[in-house]
Amino acid sequence: MGISTTLHRPGVAEVVMNVPPVNALTARGWQDLADVLLTAGRDPAVRAVVLRSEGRGFNAGVDIKEMQAAEGHTALLGANRGCYAAFAAVYECAVPVIAAVHGFCLGGGIGLVGNADIVVAAEDAYFGLPEVDRGALGAATHLARLVPQHLMRAMVYTCRTVTAAELHRHGSVLEVVPAADLRDRALELAGTIAAKDPYVIRRAKESLNGIDPVDPKRSYRFEQGFTFELNLAGAGDRHRAAFVADKETT
């Protein structure tokens, strides 16, 4: 359980999130994920990383129950810093990161996938940002890397989701495969990258980050400022409390 890493030959690190019931990570969990990803990238034996999950879905975002159970804003601040660190770690990992997505990819999951170098998805995968319904904002920066601008705005305002097939049509999901084939296909793709000159691949990742038109770290940090404002205004706590209460009665 938690975050684990397995090194496969030749030079593929498989990072797995396994946090039942829905892979919603605590503040510590997000930091742990960031540490694992950056450590993998620093390992000269690693040439590509596959990021995937066990269980019902890829990632359901932050652990809202942890946030509501904590006094003051300690858990909120921890979650915000943890998400920032984990999203940045995907982006800054020195080698390409392939996200293998099944089931739901929501909230913080979008931050991970939007910063990945390549995305492969199972046929049952779907993606969305329910932040507005939780009294929060954030990861529109990363959603904008997956869908066109106007669709991104509609998804933020309405909290609607999109399927893997839709993202494949937009070109942000490279391949859509049966769920049973997802892990093997992601590892195969990572193996193709790992077979290339590791020095050249690392420089390619660095160069591609350098030509991005939007700095995802700075852009996401700007979004987080509005989440802090919503919490100071009471909207965040009100919507999170309603979410927890709804889960406890269903």
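Predicted model: local features only at pLDDT ≥ 70, side-chain atom pairs only at ≥ 80, totals over all residues.
**Leu106 and its sheet**

I started at Leu106 and looked up its bridge partner in strand E9: it is Gly128. Residues are numbered from 1 along each chain as its sequence is written, and side-chain values use heavy atoms, with hydrogens and water left out.

Next I checked how E7 runs against E9 (residues 126-128): the two pair in the parallel sense, over 3 bridges. My terms here come from DSSP: strands are E runs of at least two residues, helices are H or I runs of at least four, and both are numbered from the N terminus. Two strands pair if DSSP finds at least two bridges between them.

Then I looked at the whole sheet, which is open, has 3 strands in the order E7-E9-E10, and shows mixed pairing. Its edge strands are E7 (104-106) and E10 (161-163), each pairing on one side only. Neighbouring strands of this sheet are turned by 20° against each other on average, direction ignored. For that angle, axes are lines fitted to C-alpha atoms (for helices, over the stretch in contact), and angles run from 0 to 180 degrees between N-to-C directions.

**The E1-E2 hairpin**

I moved on to strand E1 (residues 2-8) and strand E2 (residues 12-18), which pair in the antiparallel sense over 7 bridges. Leu7 has Ala13 as its bridge partner in E2. The two strands form a hairpin with 3 residues between them, and Gly11 in the turn has a positive phi of about 80°.

**Ala79**

I found Ala79 in helix H3 (residues 74-92). Is Ala79 buried or exposed? Ala79 counts as buried because its relative accessibility is 4%; buried means under 20% relative accessible area, exposed over 50%, and partly exposed in between, using a 1.4 Å probe and protein chains only. Setting aside neighbours within four places in sequence, I noted Ala27, Val62 and Met67 in contact with Ala79, contact meaning heavy atoms within 4.5 Å. I also checked Asn209: Ala79 is 130 residues from it in sequence and 25 Å away in space, C-alpha to C-alpha.

**Cysteines**

How many disulfides are there? I counted 0, taking a disulfide as a pair of cysteine sulfur atoms within 2.5 Å. For Cys105, which is in no disulfide, the nearest cysteine sulfur is that of Cys83, 12 Å away. Cys105 counts as buried, at 0% relative accessibility. Cys159 is in no disulfide either, and its nearest cysteine sulfur, that of Cys105, is 15 Å away. I noted Cys159 as buried too, with a relative accessible area of 16%.
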